[in-house]
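These notes are for a colleague opening this complex for the first time. Please read them with the sequence and the model side by side.

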Amino acid sequence: MNISQHPDQSWFVSYAVGGLTPSFNLLLQAHLLVCPQCRCVLKKADDLGAQFMFGSDDTPIEKFTMPTPQVGARAEQSIEWGKEQVTDLTEFFDHYIGMHLDSLKWMKAGKGLRVCRLTDAEEDKMLMLRAEPGTVLPKHSHNGSELTLVLKGAYFCEDAIFKVGDIEDADDSTLHQPVVTAENECICIAAVDGPLKFSGLLQRMAQPLLGI
Amino acid sequence: MDNSESDVRPAGADRETRLLLDISKTQSQQAYAELFELMAPKIKSFLMGRGSSSDQSENITQDAMLSVWRKSALFDPKKSSARTWVYAIVRNRMIDLQRTATRINKGVEKYKHEGDIDFVTTGGVTDASTRAQLQKLLQQLPEDQAQALVMSYVEGKSHKEIATEIGLPLGTVKSRIRTGFQHLQELVTQQ
């Protein structure tokens, strides 16, 4: 998988400190699986975190009980930058959501566009978007941050094209209107930490119903 | 038990890496006990600096250190130091806890500051590990970048929380974290 669009490096600093909400963590984890470049950024952010945690060689003052490790108990799950690259993100999300994308409860959100809200928290929303080929999405901005990860197909936004595994990083300074490429449907997952700001009246009216 | 390597007693990070390799290769409980003694108090202290209670910090530390044992076969000294590897395990334990909706109490009030980095450099945070080399490095950064990094690493805040607290647009906060982060890496490699 050839990844060309990455989130700002500051996201990996926030990820490395455990400072993000679950939806943002999940999106970045998925991108890290397929992106060696961002795994390298995370590794550097972890190096820095390790300095904050262990940087001093002062003798630790406090001691506490050590749990007894079980001989033979081994886990296979590696940390992000220790993993080998994977090529299919669908499995990652099937595992998280616990069902196949086709069996989700989609709501119509305009011509050629369906939305499924995966979480309920206001400050940490995760949305799945499914758009037919050539769909022009409503123009919108944000009250906060939005990371969008492409799971299937591709879309254009401004001068860039976003393909499977890419992340589009938008915030309150971005006004954008994604357009799905003509060849295939496009499925994306988005993490947002505040309500979207739509330019169109119709979308603004439909917003509470869709919960976006 | 083959524990001859630890007799060499390399200092600090090297010693931790040797111990972790020993655990990885021989499942040495003695090496694990030594590693625990070296790292666990620092992890707990770091987590308490984030505002977690003593009990909560101790539980997370113990869970993370058990993961270190279970995952030790995956440790590769060519990819990272023991410290970075353990740090990532602690971080992932924190992320797992968030996923189960028990976000760590950040204790924001406890470490309220007035827009400078004095609380790190003068010991407002009780964790000694944030002081030594990092203190010098952070002082070489422009203050706004150091502040953004400290709010991230020490307080564990998101972009949005930092933006709200210091009253700046998200884009500015992201840019300060990014440039501070890059700047600090340059300083670390120059050391």
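**Notes on the two-chain model**

1. Helix α7(B) is largely enclosed by the rest of the structure, because 9 of its 11 residues are buried. Here, buried means that 20 or more other C-beta atoms lie within 10 Å of the residue's own, exposed means 12 or fewer, and partly exposed is in between, with C-beta atoms placed from the backbone. The buried residues of α7(B) are Gln145(B), Ala146(B), Gln147(B), Ala148(B), Leu149(B), Val150(B), Met151(B), Ser152(B) and Tyr153(B). Helices (H or I, at least four residues) and strands (E, at least two) are DSSP runs, numbered from the N terminus.

2. The model is predicted: local features need pLDDT of at least 70, side-chain atom pairs count only at pLDDT 80 or more, and totals for chains, interfaces and linings use all residues. Residues are numbered from 1 along each chain as its sequence is written, while chains are lettered from A and ligands numbered from 1 in the order in which they are written.

3. For the complex, the predictor gives an ipTM of 0.81 and a pTM of 0.80. Chain B has an average pLDDT (the predictor's confidence in each residue, from 0 to 100) of 77, and 75% of the residues score at least 70. In residues 1-10 of chain B the pLDDT is below 50, and this stretch has 17 contacts in the model beyond near neighbours in sequence. Residues 101-130 of chain B also have pLDDT below 50, with 64 contacts beyond near neighbours in sequence. Where pLDDT is low, the predicted coordinates should not be read in detail. Two residues are in contact if their C-beta atoms, placed from the backbone, lie within 7 Å.

4. What does chain B consist of, in helices and strands? Chain B has 9 helices and 0 strands, and its pattern along the sequence is α-α-α-α-α-α-α-α-α. Of its 191 residues, 45% are buried. Among contacts in chain B between residues at least 6 apart in sequence, those joining residues at least 24 apart make up 60%.

5. Chain A has 5 helices and 11 strands. Buried residues account for 42% of its 212 residues. Of the contacts in chain A with a separation of 6 or more, 73% are between residues 24 or more positions apart.

6. Strand β10 (residues 186-192) of chain A is mostly covered, with 7 of its 7 residues buried. Cys186(A), Cys188(A), Ala190(A) and Val192(A) point one way from β10(A), and Ile187(A), Ile189(A) and Ala191(A) point the other way. Strand β3 (residues 125-131) of chain A runs antiparallel to β10(A) and is joined to it by 7 bridges; Leu129(A) stands opposite Cys188(A). Strand β5 (residues 146-152) of chain A is also antiparallel to β10(A), over 6 bridges, and Leu147(A) has Ala191(A) as its bridge partner. Two strands pair if DSSP finds at least two bridges between them.

7. Chain A also has an open sheet of 3 strands in the order β7-β6-β9, with antiparallel pairing. Strands β7 (160-162) and β9 (179-180) of chain A are at the edges with a single partner strand each, so one side of each is left without a neighbour in the sheet. Strand β6 (residues 155-157) of chain A pairs with β9(A) over 2 bridges, and Phe156(A) stands opposite Val179(A).

8. Which residues touch the most other members of the largest nonpolar core? In this core of 98 residues they are Phe12(A), Leu27(A), Leu42(A), Leu149(A), Leu151(A), Cys188(A) and Leu35(B). Helix α2(B) gives the most to this core, with 11 residues. A nonpolar core is a set of buried Ala, Val, Leu, Ile, Met, Phe, Trp, Tyr and Cys residues joined through C-beta atoms within 7 Å. Not counting residues up to four places away in sequence, Leu27(A) touches Leu147(A), Leu149(A), Ile167(A), Ile189(A) and Ala191(A).

9. The contact between the chains takes 50 residues from chain A and 62 residues from chain B. Helices of chain B that each supply at least two residues of the side touching chain A include α2 (29-49), α3 (54-71) and α9 (170-190).
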